[in-house]
Every structure is written in C-alpha cells, then in structure tokens.
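Subject: Structure for you to look at

Hello,

Here is the structure I said I would pass on. My notes on it follow below.

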Amino acid sequence: MTTFDLAEHPHRRYNPLSGEWILVSPHRAKRPWQGQEEEMPKENRPEYDPTCYLCPTNERANGEHNPDYKSTYAFDNDFAALQPGTPAGAFTRGSLLRAESERGICKVVCFSPRHDLTLSDMAVEDIRKVVDLWQQEYEELGMLDFVNHVQIFENKGQVMGASNPHPHGQIWAQSSIPAGPAKETQHQAAYYKKNQRSLLQDYLEIELEEKTRIIYENHLFVVLVPFWAVWPFETMILPRRHLQHIGQMDDADKNAFAEAIRQLTMAYDRVFNVSFPYSAGIHQSPTDGQEHPGWHLHMHFYPPLLRSATVKKFMVGYEMMGDPQRDITPETSAERLRSLF
Ligand code: H2U
Ligand code: ZN
C-alpha cells in the first residue's frame with residue numbers, strides 16, 4: 001500500500017475562506033507543460049486612441065467628455081448595473097419566489113491616461129496612484145448610508161470579457177453583501193470567535209513556514225498560490241499586517257502593495273509571453289458599520305489560461321454540476337510562477 005501523497009493522488013482540498021472544496025487530480029498532469037507555448041504577436045496599441053471611450057478628452061456613450069486626466073480617473077459607469085435611486089421594495093410569493101430591490105453605484109476606474117499600458121507596464125509610482133484611488137473610493141463609497149459593501153475589481157483581457165484594452169477596472173458599491181464576500185465574512189468571523197486570531201494571518205504563517213506556495217515577498221506583502229486554488233495560476237496578495245480594509249493602509253503599505261501588484265503582473269506576462277488575462281479583485285471588510293475584527297484584506301487573481309496563450313481552462317461539466325477541479329497542483333503552479341520573478 002503506498003502512502004497518500006498530495007503530489008500524486010487524487011484528493012479534495014478545503015477552502016477555509018469559502019467553506020468549499022476543490023478536487024485535485026495531479027496524476028493527470030505529470031507533465032504540466034505538454035502544450036505548446038506559441039508566441040502571440042505583440043499587440044501594437046497607440047498611446048492615445050481617438051475611438052477609445054476611456055482615453056483622456058474622448059467622448060463617452062452618454063455624451064460626456066473625459067477630462068484631460070494625467071494619472072487616474074474614476075467616473076460613474078454609463079451602463080451601471082446598480083443605481084443609487086432605485087426605490088425600496090420586495091416581491092415575494094410564498095417562501096420560494098423572493099426578490100428585493102438593490103441600490104448601488106458602479107464606477108469605472110482608469111488606471112492611466114496611456115491607452116497602450118497595462119498594470120504590468122506601469123511604474124510602481126503610477127500603480128501607487130491607482131491604489132490611492134481605490135482607497136479613496138472605498139472610503140467615500142463606504143461612507144454612504146446605503147452602501148454596505150464595496151467591490152473593487154479588474155477584468156483584464158478579451159477572454160475575461162473586458163470591453164476595452166485601455167487599462168481600467170471597476171467598482172461596484174451596494175446595499176447587500178454579495179455571496180463571495182459574505183461567505184468569507186462568515187468564515188473569518190467564526191474563526192476569529194473561536195481562536196481570537198485572524199484566519200488569514202494564521203494561514204499566512206503556515207505558508208511562510210511551508211514555503212512551497214510562496215511566489216513573492218516584500219517587507220509588507222506576500223504573494224502566494226493558495227493551497228485551495230482553483231484556477232491554474234490563481235494567486236492571492238496578502239498583507240503581513242492585519243489590515244481589515246484598504247482604508248487602513250498607510251504610505252508604506254500602499255507602496256509595498258503597488259510593488260507586489262507590479263511584480264505579480266509582470267511575472268504573469270512571462271508565463272506564456274502574452275499580456276496575461278485575469279479577473280482580480282480586493283476582498284476586504286464590508287462597510288456595514290460592524291467591527292469585523294477577523295477580516296483580513298487580500299487581493300485575488302483568477303487567470304483563465306491553462307496551457308498556452310490560447311488554451312484556457314473551462315469551468316464546465318463536473319465543475320458546473322459538482323465541485324471545481326484542477327490537474328496541475330497549486331505547488332507546481334507556484335514553482336513555475338516563482339521562476340518568473
Ligand atoms: P469592462 O471592460 O470591465 O467591461 O469595463 C468597462 C465599463 O465601461 C463597462 O462596464 C462602461 C461599460 O458599461 N462604459 C461606460 O461607462 N461608458 C462608455 O462610454 C462605454 C463603456
Ligand atoms: Zn484609451
């Protein structure tokens with residue numbers, strides 16, 4: 001009888017943040033790089049695109065013109081999924097059909113006036129300005145009475161559904177706490193209640209000891225592939241300090257956070273020699289007026305690519321019906337990513 005080995009045998013891994021499990025099948029990926037790694041022609045974008053609705057001075061869908069902004073710029077999404085003026089109300093039919101009105105604000109955040117850049121091309125001082133804007137928006141939106149949760153995120157690349165290559169992200173601020181952050185709120189609170197310690201700080205300590213999933217460190221932030229990662233190159237940026245939200249970041253935190261983002265996105269671009277697509281977002285404490293002592297800020301990166309610039313992972317079949325599944329282990333992915341810093 002052989003002994004159970006995480007690198008060899010099919011197993012399930014627990015995600016303590018979400019309470020969900022993921023199936024890992026390492027035997028199917030003995031050689032994770034069997035796919036060809038074709039080079040994609042480097043896209044040649046102009047610094048300014050007169051047809052881009054995010055470039056400075058250009059007209060947007062609502063007829064407004066963007067200012068001639070020089071660093072970052074945030075505006076209300078012209079096609080906002082949520083609106084601040086939605087009337088209160090509910091629809092129910094017994095306990096089975098339930099709907100509630102939802103108020104919110106959706107913003108678009110331009111990271112740079114330059115149409116041809118991505119975060120990985122930007123200087124750390126310029127990424128720092130993006131972090132400053134995220135902080136300001138989190139605080140301002142979070143202060144609004146009806147806003148209990150602020151989701152900062154970026155969809156990068158056509159395969160993730162980004163509508164425009166101009167470097168930008170979005171912020172959705174709303175009354176209710178969406179499912180992902182709600183699960184993380186619940187699990188971190190339960191852990192804190194039981195242990196008087198933060199779940200992610202304890203987790204980070206273990207990872208710093210094991211080292212196998214750490215891919216980058218600076219004096220304030222760590223980037224790692226979570227033990228329970230689902231996407232082939234999924235990562236998480238974690239502050240060493242127990243920050244509940246971005247509002248608590250000081251200058252040093254913001255600089256180190258910007259540096260971690262820069263290093264990670266540059267490494268990502270080297271995986272398949274393409275501008276690496278992903279969805280990324282900051283999870284942090286809700287702005288609902290509660291204390292949330294267990295909440296530990298972190299940024300998730302979920303890149304869809306699997307084997308090459310063109311072969312992406314699909315979350316289909318068993319994963320839609322059952323649990324997420326991966327072949328390449330998080331440790332193998334971490335090793336690969338670490339070599340690209
Ligand atoms: P994505 O690339 O992540 O889709 O973000 C771009 C957003 O920009 C998208 O949500 C908005 C779209 O609604 N938008 C405007 O607000 N004004 C415009 O003129 C075009 C697109
Ligand atoms: Zn542009």
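Of the 341 residues of the chain, 50% count as buried (buried means under 20% relative accessible area, exposed over 50%, and partly exposed in between, with a 1.4 Å probe and protein chains only). This is a predicted model, in which local features need pLDDT of at least 70 and side-chain atom pairs count only at pLDDT 80 or more, while totals for chains, interfaces and linings use all residues. Residues are numbered from 1 along each chain as its sequence is written, chains are lettered from A and ligands numbered from 1 in the order in which they are written, and side-chain values use heavy atoms, with hydrogens and water left out.

Overall form

The chain has six helices and 14 strands (DSSP runs numbered from the N terminus: helices are H or I with at least four residues, strands E with at least two). Its radius of gyration is 21 Å, close to the 20 Å of the globule rule for 341 residues, so the chain is as compact as a globular protein of that length. That radius is taken over C-alpha atoms, and the rule is 2.2 Å times the number of residues to the power 0.38. The C-alpha trace spans about 70 × 55 × 45 Å along its principal axes.

Among contacts with a separation of 6 or more, 66% are between residues 24 or more positions apart (contact means heavy atoms within 4.5 Å).

Salt bridges

The structure holds 22 salt bridges (a side-chain nitrogen of Lys or Arg within 4 Å of a carboxyl oxygen of Asp or Glu).

One of them joins Asp-78 and Arg-60, at 2.8 Å from N to O. Asp-78 lies in the loop between β3 (73-76) and β4 (90-93), and Arg-60 in the loop between β2 (20-24) and β3, so the pair ties together parts 18 residues apart in sequence. Arg-60 is buried, with a relative accessible area of 5%, whereas Asp-78 is partly exposed at 26%.

Another links Arg-240 to Glu-217, with the closest N and O atoms 2.8 Å apart. Arg-240 sits in the loop between β11 (235-239) and α4 (251-271) and Glu-217 in strand β9 (residues 214-217), so this pair ties together parts 23 residues apart in sequence. Arg-240 is partly exposed, with a relative accessible area of 27%, and Glu-217 is partly exposed at 43%.

Asp-68 and Lys-70 also meet in a salt bridge, at 3.3 Å from N to O. Here Lys-70 is exposed, at 66% relative accessibility, and Asp-68 is partly exposed, at 47%.

Finally, a network of salt bridges links Arg-13, Glu-207, Glu-210, Arg-213 and Glu-331.

Regards
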